[in-house]
Amino acid sequence: MSAHSPFPADFLWGVATSAYQIEGSPLADGAGPSIWHEFAHTPGRVHHNETGDVACDHYHRYRDDVALMRELGLNAYRFSVSWSRALPEGRGPINRRGLDFYERLVDALLKQGIQPMLTLYHWDLPAALDRLGGWLNPDSANWFADYAQILFLALDDRVKLWITLNEPWVVVNGGYLHGALAPGQRNPYAAPIAAHNLLRAHAAAVQAYRAEGQHQIGLVVNLEPKYPATETVEDLNATIRADADFNRHYLDPVFLGSYPPELAEIFGATWPTFPDSDLDFIHQPLDFLGINYYSRQVVRHDPNVWPLAAAKVRQDRQTHTGLDWEVYPQGLTDILEWVASRYGSLPLYITENGAAFYDPPQADGEMNDPLRRRYLHDHLRAALAAQQNGVNLHGYFAWSLLDNFEWAHGYSQRFGLIHVDYATQQRTFKASARFYAEVIRSHGATLFAGNAGK
């Protein structure tokens, strides 16, 4: 394959979103509250006390949003289902009106030739289940499998790509270890248990899919290559710990059947002993893996950083996003090749990749976002480089279709290819969206044009 070859004809070109971030109307039509609904409504938890009550009003505007996807030329769309729309209490009676919304969405996508990729869990656990212990309750794996089975029975005739969990590391690190995300716990004893039960839930959903489903199911993790700040033993060991916590914690059990040994060192006395039978259960074959990539981390030893004793070293000479994440496209190539070398040549998707930048108002109505356009250009080139080096890459999903509710940052950070005026809900294509549409149209050939990234 030559250096200027475009992506293959069957490559999936998509965008990604999640339910709580775009839908709004979280309690509409019989839905129950989620932990994110309750977290956002707790004063002081979210920037400016903003909530997902309206967000992008996608719950009412999904047909218009699907039309925008069609205009972009997408052939795939990754979205998540709100568990508490389908099951207001997290278990028990099905809320038919909530499930119907996703049936209508899937039908609208398919009518436009857009393949749905459905994420079962993108952080919005039903609040009723959290009151029973949430992911700390060993029954959570069965709750999740029962919920997943309901979705499989309703939609597997139309949805061919299923995802169990989105970014379990973030669920645990933000929700149970540091308290920055829902449900807001800060408990080193809880974090490893929540992580383990999330993996058990993932496995239980995969097992349920093998019984009911006819297509493909996988897992989505956020990965971040770790590089030592220096070659000292302390920094090298800190980098290994950071990698074990961030990258291997959720992949080694799934693909290798064991936890990284460094986790016991990191968590110390709070690291439990897990039954071998659990690890055998978690270690089930997947059809694909989704990788969310945003940045890298340069690591130095720092005993004052709990619990890793490892700190990020800011690379001051590099471009950073609105969230102060370094723009480092080479890290995407590196992490894709690392996954392929460590876990085998299973199909991979880049299920999220994007950047938050300030989008200045434009007098002429055009939204020019050169930094985001350059980010997309360089990361797509990095993805292609990995594919040309033998990585079994099947698709790319930009984060995100729309500016949206960015969790604890509220509406202060914009990741969208499409600008949203939250007061009017008007959608406006940014230059990055037009660029991505041209990349899709050309199957990547545009990436090699003389001014492609400008």
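Helix α7 is mostly covered, with 12 of its 16 residues buried, where buried means under 20% relative accessible area, exposed over 50%, and partly exposed in between, for a 1.4 Å probe and protein chains only. This is a predicted model, in which local features need pLDDT of at least 70 and side-chain atom pairs count only at pLDDT 80 or more, while totals for chains, interfaces and linings use all residues. Residues are numbered from 1 along each chain as its sequence is written, and side-chain values use heavy atoms, with hydrogens and water left out.

The axes of α15 (residues 370–388) and α16 (residues 431–441) come within 8 Å and cross at roughly 25 degrees, the axes being lines fitted to C-alpha atoms, for helices over the stretch in contact, with angles that run from 0 to 180 degrees between N-to-C directions. The two helices α15 and α16 are therefore roughly parallel to each other, a term for angles under 35 degrees, whereas those over 145 count as roughly antiparallel, 65 to 115 as roughly perpendicular and the rest as oblique. Helix α14 (residues 330–343) also packs with α15, at an angle of about 30 degrees and with the axes 8 Å apart, so α14 and α15 are likewise roughly parallel. The crossing in which α15 passes α16 is right-handed, and α14 passes α15 in a right-handed crossing too; right-handed means that the near helix is turned clockwise from the far one, and left-handed that it is turned anticlockwise by less than a right angle.

The aromatic side chains come next. Rings of Phe, Tyr and Trp (its six-membered ring) pair if their centres lie within 6.5 Å, and planes under 30 degrees apart count as stacked, over 60 as edge-to-face and the rest as tilted. By this rule the count comes to 42 aromatic pairs. In one of them, the rings of Phe288 and Tyr349 have centres 5.3 Å apart and planes at 85 degrees, so the pair is edge-to-face. Since Phe288 lies in strand β7 (residues 288–292) and Tyr349 in strand β10 (residues 348–352), the pair ties together parts that are 61 residues apart in sequence. Phe288 is buried at a relative accessible area of 0%, and Tyr349 counts as buried at 6%. Phe405 and Tyr411 form another edge-to-face pair, 5.5 Å centre to centre with 65 degrees between the planes; Phe405 is buried at 0% relative accessibility, and Tyr411 at 16%. Phe405 and Tyr411 also belong to a cluster in which ring pairs link them with Tyr20, Trp36, Phe39, Trp123, Trp407 and Tyr422.

Charged groups also sit over rings, by the criterion that NZ of Lys or CZ of Arg is within 6 Å of the ring centre and within 35 degrees of the ring normal. Lys226 lies over the face of Phe246 at 4.1 Å from the ring centre, and the charged end of Arg296 sits over the ring of Tyr328, 3.8 Å from its centre.

The backbone deserves a final look. Most residues other than glycine have a negative phi, and most peptide bonds are trans. Trp407, a member of the ring cluster, has a positive phi near 50 degrees, lies in the loop between β11 and β12, and is buried at 5% relative accessibility. Ser400 is found in that loop as well, and a cis peptide bond with omega of about 10 degrees joins Trp399 to Ser400.

Note on methods: Helix = DSSP H or I, 4+ residues; strand = E, 2+ residues; numbered from the N terminus.
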